[in-house]
Amino acid sequence: MGILEVKNVGKRFGGLQALGDVNLSVAENSVHAIIGPNGAGKSTLLNCLVGKLIPDTGSVMFDGQSVLGRTPYEINQMGISRVFQTPEIFADLTVMENMMIPCFAKRDGAFKLNGIKSVESEAEIRDRAEAMMEDMNLAEKRHMHAASMSRGDKRRLEIAMCLAQEPRLLLLDEPTAGMARADTNNTIDLLKEIKQKRDITIVIIEHDMHVVFSLAERITVLAQGTPLVEDVPSKIKGHPKVREAYLGE
Ligand code: ADP
Ligand code: MG
């Protein structure tokens, strides 16, 4: 049993079958990539995992519990955090102020959902934000406005904000899209470091094969809403079905 178990998930938009019959098992503490041509259904699948979309069929289990029927907020509180294609940070706030937000949310979320009243003070929350900035090499930029950061650093901040919620599963939808090579390489190094330092499962949707092959332990290839192949990276490279999906050969 993986930490994430997707069974027979289907999703239709009007006449378009965006997801056919998706089965996916993600092992705990692994990095699992989902690749596939544009329009394959990758983002739709991710949206079904975080409660942004409700699948028409099938089930999605996280750590033995169904995520279906729960709100994105509740799913987030279960331990799933998501990084969007465009960094979702507060441009007008400083790095420090951005980091405080998920730290507050973590404290107050536990109260909202379970009635567990945390006694964590604002000073303690500030310490938690500081520690995360140190850990993520953002401490020197703590007073910088998020808007003036490089693309790679904005992504770093957004990922740090996700990690401050202490998720067990981190979902990334094309985290290096539109990035220059240097920022892409920084993001690869950052994700590797995150994996080394903590127990976390990462599911990454990615277009850039350099990123995929640098990080993934297993790869699922999605085409027209259906998984074509799932295997280790060395078996995916040059796989005839993958070439067919990408090149129409
Ligand atoms: P990918 O992320 O692999 O590029 P998507 O999951 O975004 O693919 O899209 C899969 C298919 O579903 C595409 O044909 C897309 O146009 C369609 N689609 C995605 N979201 C919607 C929506 N909200 N309404 C209608 N069609 C959608
Ligand atoms: Mg997409």
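**Reading a predicted model, question by question**

Modeller: Let's start with Ile-125, which is found in helix α4. Keep in mind as we go that this is a predicted model.

Biologist: Happy to. Why is Ile-125 called buried?

Modeller: The cut-off for buried is 20 or more other C-beta atoms within 10 Å. Ile-125 has 20 C-beta neighbours inside that distance, so it counts as buried.

Biologist: Which residues does Ile-125 touch, leaving aside those up to four places away in sequence?

Modeller: Met-100, Cys-103, Phe-104, Arg-107 and Glu-120.

Biologist: Let me step back to the whole chain. How do you know whether its radius of gyration agrees with that of a compact globule?

Modeller: We set it against the rule for the chain length. For 249 residues a compact globule would have a radius of gyration near 18 Å, and the chain has 18 Å, so the value agrees. The C-alpha trace spans about 55 × 45 × 35 Å along its principal axes, and 38% of the residues count as buried.

Biologist: How many helices and strands does the chain have?

Modeller: Nine helices and ten strands. Of the contacts with a separation of 6 or more, 67% are between residues 24 or more positions apart.

Biologist: What makes β2 and β5 the edge strands of their sheet?

Modeller: The sheet is open, with four strands in the order β2-β1-β4-β5 and antiparallel pairing. β2 and β5 (65–66) each pair on one side only, and that makes them the edges. Helix α1 packs on this sheet, touching β1, β2 and β4, and its direction makes about 65 degrees with that of β2.

Biologist: How do you know that β1 and β4 are paired?

Modeller: Pairing takes at least two bridges between two strands. Strand β1 (residues 4–13) and strand β4 (residues 57–62) have five, and they run antiparallel. As an example, Val-6 has Val-60 as its bridge partner in β4.

Biologist: And what about β8: what makes you call it mostly covered?

Modeller: Five of the five residues of β8 (residues 201–205) are buried. Thr-201, Val-203 and Ile-205 point one way, while Ile-202 and Ile-204 point the other way.

Biologist: Now the ligand. Which helix gives the most to the shell around ligand 1?

Modeller: Helix α1, with three residues. Both β2 (16–26) and α1 (42–49) supply at least two residues of that shell. The residues around ligand 1 include Phe-13, Leu-16, Lys-42, Ser-43 and Thr-44. By class, the shell divides into four nonpolar, six polar and one charged.

Biologist: Are Glu-174 and Asn-137 buried or partly exposed?

Modeller: Glu-174 has 20 other C-beta atoms within 10 Å, so it is buried. Asn-137 has 14, so it is partly exposed, as that class lies between 12 and 20.

Biologist: One last residue. Why is Thr-226 called partly exposed?

Modeller: It has 17 C-beta neighbours inside 10 Å, and a residue with 12 or fewer would be exposed and one with 20 or more buried. Thr-226 therefore counts as partly exposed. Its place is in strand β10 (residues 226–231), and it touches Gly-20, Asp-21 and Val-22, not counting residues up to four places away in sequence.

Methods
Residues numbered from 1 in each chain as written. Chains lettered and ligands numbered in written order. Predicted model: local features only at pLDDT ≥ 70, side-chain atom pairs only at ≥ 80, totals over all residues. Rg over C-alpha atoms; globule rule 2.2 N^0.38 Å. Contact = placed C-beta atoms within 7 Å. Near = placed C-beta within 6 Å. Nonpolar A, V, L, I, M, F, W, Y, C, P; charged D, E, K, R; others polar. Axes fitted to C-alpha atoms, helices over the stretch in contact; angles between N-to-C directions.
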